[in-house]
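Have the model open while you read, and take the points in order.

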Amino acid sequence: MSIEVRKNSQISQDSDYILRPDNEEKVSQIIKDLYKKNLPTEIIGSNSKSFIGNKLQCAKILDLSKLSGIVEYLPEELYIKVKACTPIANIEEVLKKNNQQLSFEPIDFGYISSSKSNKGTAAGCLSCNFSGSRRFKSGSVRDHVLGFRGVNGKGDTIKSGGTVVKNVTGYDLSKLITGSFGTLIALTEITFKVLPTKDSSSTLVIHEDSKEEIAKLFNNIQSSSNEISGSVFVPIEPNNKKYIQNREKIFSFNDLKNEGPFLAVRMEGSKKSIDERIRDLTIELNLKNKKKSLLDVHQSLLFWERINNLEIFSNTQNSLVRIVIPPFKCIDLMKYLNRDYKYYIDWCGSLFWIEIPDMNEEKLLNIKDYIIRLGGYLTVIKNSTPLNDIFTINETRLHISKKIKESFDPKGIFNPGKMYRSV
Amino acid sequence: MSELALPKVDQSIILNKDKIVSKLKRIIKLENVLDHNDEIKPYETDALSAYKQKPLAVVLPENTQEVSKILKYCNEEKIKIIPRGAGTGLSGGALPLQDAILLSLGKFNKILEIDFDNKCVVAQPGVTNLSITHAVQHKGFYYAPDPSSQLACSIGGNVAENSGGIHSLKYGTTTNNILGTELVLMDGTICRLGGKTLDQEGYDLLGLICGSEGLLGVITEVTVKILKKPQTVRAVLIGFPTIEDGGNCVSEIISSGIVPSGMEIMDKALIEATDNFCKAGYPRDAEALMIVELDGTNSEVDELINKVSDIAKKNNSTSIRISKNEKERLAFWAGRKAAFPACGAMAPDYYCMDGTIPRGKLSEVLKEIKRLSKKYNLPVANAFHAGDGNLHPLIMFDANNKEELRKTEEFGAEILKYCVKAGGVLTGEHGVGIEKRELMCEMFNDNDIQQQLKIKKSLDTKNLLNPGKVYPILRKCAEEGRVHVHRGEEKFPDLPRF
């Protein structure tokens with residue numbers, strides 16, 4: 001049942017089913033009450049990513065969407081402080097006016113859930129820690145959270161970090177809560193590090209199909225000092241009715257000359273520097289005899305937007321998994337996937353987004369076993385059928401995670417079981 | 001120095017020393033347990049050498065299993081453990097306790113794997129920071145975080161302190177540059193966090209461990225990311241008639257969209273001190289001196305240098321020099337890197353502070369430091385990692401004069417408090433340790449500290465791992481020690497500190 005449906009169906013039964021505080025103090029009061037009454041609670045923002053993680057059955061919903069708005073933005077100090085559920089779109093709009101950005105490129109999950117943009121809120125973005133194509137160069141969400149305020153499972157308001165980058169005062173809780181799927185704290189305020197947007201960008205597209213060659217290119221790109229800020233490989237879609245064939249439409253650009261599989265490389269900076277780097281990279285990667293296309297700044301921006309919007313998977317009814325592996329293992333995973341799956345590779349060989357039709361427990365376990373053998377991890381982002389263990393964890397880390405969870409949320413009332421059944 | 005409160009001594013542990021030592025000698029090799037006074041003396045302090053305390057014994061395990069067995073035994077017997085890397089920390093994080101076993105990672109000194117394919121190095125924690133770069137530089141790679149003590153400080157210690165360096169504005173600190181660790185918890189549990197992949201799934205335990213100052217676990221292996229060296233690195237040396245002009249120039253460079261790899265400011269006192277000390281050739285008429293380092297591709301660096309020069313001129317710069325070659329670039333840095341010893345040469349003692357402030361508050365905070373310098377009648381020189389707001393005021397004094405020592409401590413505490421008031425933090429890169437422990441409540445309230453203590457308790461139930469560090473013992477904002485160097489008798493006099 002979707003949250004919206006649940007909201008509607010429960011309102012008549014329990015007018016307090018959904019709690020919508022509009023300030024931190026009220027969040028604290030509500031949680032103190034939930035703690036006292038031991039009521040499992042689902043924490044939500046704008047619901048843009050609520051389909052990720054295990055399904056919850058909670059006594060209450062704590063809707064933090066009213067905590068929205070920019071608290072402080074100092075461009076020259078490279079930070080923006082926002083209320084937890086400020087829409088990412090609003091933040092990006094404000095930053096854009098000052099030629100700044102969230103450098104980790106927030107992923108837009110709207111297209112796979114509702115075929116339209118919905119980047120969700122700051123807190124949702126932080127809670128999932130899913131970063132876009134620039135991650136392998138600029139770091140992920142966790143590397144851009146300077147500080148936060150929030151309320152723990154007992155109702156105590158806590159803060160950590162600050163507004164400065166260099167800070168070793170106490171444990172770095174900003175990292176710990178990033179990617180915790182709302183199981184540790186109800187966030188009320190977040191400070192992000194922001195960075196300047198580069199003057200221009202271009203994308204060099206190399207038309208290549210050989211898996212060995214792709215792996216070699218990824219490896220050489222990572223070894224390049226030409227400051228590459230994005231590198232993806234988009235294979236052709238399997239010729240299979242189980243997949244929506246939308247690749248061609250999404251990657252239709254005037255200057256994209258070939259319809260086959262391609263590896264794209266983004267360079268950002270001044271126009272002059274980009275031109276120089278493209279020339280240099282062509283020699284460095286030995287691209288002279290390869291088919292290539294070059295996307296100018298307008299096409300380049302749109303290209304990476306579509307990549308980070310996961311638009312290639314728009315409207316899919318299949319399951320979608322996200323896999324991160326050591327980059328040099330990408331050749332193994334490409335061979336494993338063969339042409340049976342629709343996927344693309346980001347982060348210069350490290351990140352695979354894979355669409356899997358007819359998903360079942362056995363299939364998931366087989367893939368996960370293989371990924372663990374490669375030294376990576378897998379997260380089921382969207383499941384077409386109910387599944388167990390949609391995250392990857394081992395016994396020792398689970399044991400530690402339980403202890404950490406207890407230290408924040410002793411009665412386990414926040415998003416219980418969202419990540420792991422026992423956390 | 002002020003009297004330092006330490007956790008209550010467990011007399012039963014002291015009384016049982018022989019039994020404990022003999023048990024430890026059965027857990028690890030006999031020769032790796034040190035318990036004679038002469039043997040343990042080198043471990044009585046770290047680089048915050050004002051505080052000294054001999055531990056009950058020192059153990060030097062050789063592998064993770066041994067670490068695990070030692071911790072498990074100590075946990076069962078309620079014996080405190082102080083982990084120690086190279087002992088170069090400036091905040092007293094490795095200060096022993098008389099009823100504690102000091103666990104040195106000194107024998108964990110091997111690089112285990114150089115993986116150019118996955119752009120990482122797997123190292124034991126005792127490996128020095130610089131030797132990682134040395135191991136990969138033949139292929140044009142390096143490890144980015146570069147604390148000033150990188151010649152001697154260990155990578156395990158870097159993880160424990162989340163060490164930064166001059167280039168952290170562009171390349172981040174340790175936490176942004178490690179991929180994985182192996183860790184032993186106080187109960188002996190061996191745990192792997194991360195690996196060779198970017199990010200982790202689930203709770204970011206790697207992020208929690210990084211900067212936890214040895215309170216949550218003992219690091220026994222680290223996997224670090226290596227980067228390709230930039231094509232070009234050049235530096236610009238800029239003089240300003242006022243500190244405000246220098247501060248404004250920093251803000252304008254950042255606002256214009258430039259992220260230099262390093263950006264340093266020195267005040268007049270330090271310009272003179274360093275120029276006297278090492279003849280750096282700095283413009284002595286300047287009130288503030290800035291070094292801006294830019295890296296990247298050739299044309300990009302050229303363009304950025306032009307932009308930086310234009311911004312400097314707009315902000316009333318009195319001199320601009322651009323490095324023409326590597327030798328000149330290093331010469332620009334020579335004075336800045338000699339800042340600490342230069343102060344050591346000017347006064348019998350100096351205290352080094354380590355606050356971080358918003359960049360735009362530089363002139364405000366320096367004005368306040370100037371005011372305090374007059375109030376306490378003590379000279380101060382200021383070095384500033386301007387790019388990331390990390391300020392290192394160096395207060396010069398004579399520790400033999402008790403009144404002057406007391407005033408210096410008060411002066412130091414006032415500076416840090418002002419850093420917090422200005423929107424900054426107590427420590428940018430030296431860690432809290434025992435040094436700033438009692439000032440934590442300047443930044444955090446009881447709820448904040450309680451949450452952190454709960455995390456500590458969840459992983460170290462009996463509070464045995466590095467107790468008495470980071471979190472206040474007195475539970476009030478006392479004014480305690482800073483980095484205190486007496487007559488140049490620094491713990492590591494040969495290590496550059498900047």
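1. Start with helix α2 (residues 24-37) of chain A, which lies across β1, β2 and β3 of chain A and runs at about 160° to β3(A). That angle is taken between N-to-C directions, on a scale from 0 to 180 degrees, with axes as lines fitted to C-alpha atoms, for helices over the stretch in contact. Contact here means heavy atoms within 4.5 Å. Helices (H or I, at least four residues) and strands (E, at least two) are DSSP runs, numbered from the N terminus.

2. Some housekeeping: this is a predicted model, where local features need pLDDT of at least 70 and side-chain atom pairs count only at pLDDT 80 or more, while totals for chains, interfaces and linings use all residues. Residues are numbered from 1 along each chain as its sequence is written, chains are lettered from A and ligands numbered from 1 in the order in which they are written, and side-chain values use heavy atoms, with hydrogens and water left out.

3. Now the strands under discussion. In chain A, 3 strands make an open sheet in the order β1-β3-β2, with parallel pairing. β1 and β2 of chain A are the edge strands, each pairing on one side only. Two strands count as paired if DSSP finds at least two bridges between them.

4. Which residue of β3(A) stands opposite I18(A)? That is I61(A), and I61(A) is also the bridge partner of E42(A). Strand β1 (residues 18-19) of chain A pairs with β3(A) over 2 bridges, in the parallel sense, and β2(A) is joined to β3(A) by 4 bridges, again parallel.

5. Look at the side chains of β3 (residues 60-63) of chain A too. K60(A) and L62(A) point one way, I61(A) and D63(A) the other, and all are buried. Buried means under 20% relative accessible area, exposed over 50%, and partly exposed in between (1.4 Å probe, protein chains only).

6. Over in chain B, S68(B) sits in helix α4 (residues 64-76). Why does S68(B) count as buried? Because its relative accessibility is 8%. Leaving out residues up to four places away in sequence, S68(B) touches V184(B), G188(B) and I190(B).

7. How many cavities of 30 Å³ or more does a search of the whole structure find? There are 9. A cavity is a set of points, on a 1 Å grid over the protein atoms alone, where a 1.4 Å probe fits but cannot get out; lining residues have an atom within 4 Å of a point. Grid points are joined across faces, edges and corners, and a volume is the space filled by probe spheres set on the points.

8. The largest cavity holds about 620 Å³. Its lining has 41 residues, with T88(B), G89(B), G157(B), N158(B) and E161(B) nearest the centre. α6(B) gives the most to that lining, with 5 residues.

9. The second largest cavity has about 370 Å³ of space. It is lined by 27 residues, and those closest to its centre are I43(A), I44(A), G45(A), G124(A) and S127(A). β2 (41-44), α5 (122-128) and β9 (186-193) of chain A each give two or more residues to this lining.

Methods
1 Å grid on protein atoms, 1.4 Å probe; cavity = no way out; pocket = protein on both sides within 12 Å on 5 of 7 lines; lining within 4 Å.
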